[in-house]
Amino acid sequence: MLAFLESLIPPAPNEVSKKMAADFRKRRIEKGLTREAIALQSGVAIANVSRFEQKGLISLTNLIKLATALGYLSELQNVFSAPKYSTMDELLQIRRNMGKKKAHTAKPKKNEKD
């Protein structure tokens, strides 16, 4: 039961970035690339590659460059491409807002005096 409840709690952002960094390192090694080689191939400084792999810290631009170098650009590019929802209300909200360019909050109506 506790494991189920823990699965409902989203991971902390630093846990996500460290997992992404660990996965990146695995993919880099699988392709037989050193940090130096991926740095040259991607145009990302080796210090930034090292910092990403060790601490999970990287700029979005450099992450895109590394993803491109390893052949994962489409996965990264499509991360927000499909709407996500967990309730019927969220799905209905998404459908109502499809095609809109901006989100607006509802303004409270002013009390009109007669």
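Me: Which helices do the buried residues of α4 pack against?

Reply: This is a predicted model, in which local features need pLDDT of at least 70, side-chain atom pairs count only at pLDDT 80 or more, and totals for chains, interfaces and linings use all residues. Residues are numbered from 1 along each chain as its sequence is written, and side-chain values use heavy atoms, with hydrogens and water left out. The buried residues of α4 are N48, V49, S50, F52 and E53, where buried means under 20% relative accessible area, exposed over 50% and partly exposed in between, with a 1.4 Å probe and protein chains only. With helices taken as DSSP runs (H or I, at least four residues; strands are E, at least two) numbered from the N terminus, these α4 residues pack against α2, α3 and α5.

Me: Nice start! How are α2 and α4 oriented to each other?

Reply: Helix α2 spans residues 13-30, helix α4 spans residues 46-55, and their axes lie 7 Å apart at an angle of about 120°. Axes are lines fitted to C-alpha atoms, for helices over the stretch in contact, and angles run from 0 to 180 degrees between N-to-C directions. Angles under 35 degrees count as roughly parallel, over 145 as roughly antiparallel, 65 to 115 as roughly perpendicular and the rest as oblique. The two helices are therefore oblique.

Me: How do the residues of the contact of α2 with α4 divide into nonpolar, polar and charged?

Reply: Contact here means heavy atoms within 4.5 Å. From α2 come S17, K18, M20, A21, F24, R25 and R28, and from α4 come V49, F52, E53 and K55. Ala, Val, Leu, Ile, Met, Phe, Trp, Tyr, Cys and Pro count as nonpolar, Asp, Glu, Lys and Arg as charged, and the others, Gly among them, as polar. That sorts this contact into five nonpolar, one polar and five charged.

Me: What is the arrangement of the rings of F24 and F52?

Reply: A search of the whole structure finds one aromatic pair. Rings of Phe, Tyr and Trp (its six-membered ring) pair if their centres lie within 6.5 Å, and planes under 30 degrees apart count as stacked, over 60 as edge-to-face and the rest as tilted. The centres of F24 and F52 are 5.4 Å apart and their planes stand at 50°, so the pair is tilted.

Me: Is R28 buried or exposed?

Reply: R28 lies in helix α2. Not counting residues up to four places away in sequence, R28 touches L33, T34, R35, I38, E53 and L70. Its relative accessibility is 6%, so R28 counts as buried.

Me: Which residues does Y72 touch, not counting residues up to four places away in sequence?

Reply: Y72 sits in the loop between α5 and α6 (73-77). At 34% relative accessibility, Y72 counts as partly exposed. With those sequence neighbours set aside, Y72 touches R27 and A67.

Me: How far apart are the C-alpha atoms of M88 and K26?

Reply: M88 lies in helix α7 (residues 88-97) and counts as exposed at 57% relative accessibility. M88 and K26 are 62 residues apart along the chain, and their C-alpha atoms are separated by 38 Å.

Me: Last one: what is the relative accessible area of K101?

Reply: Look in the segment after α7 to find K101. K101 is exposed, with a relative accessible area of 80%.
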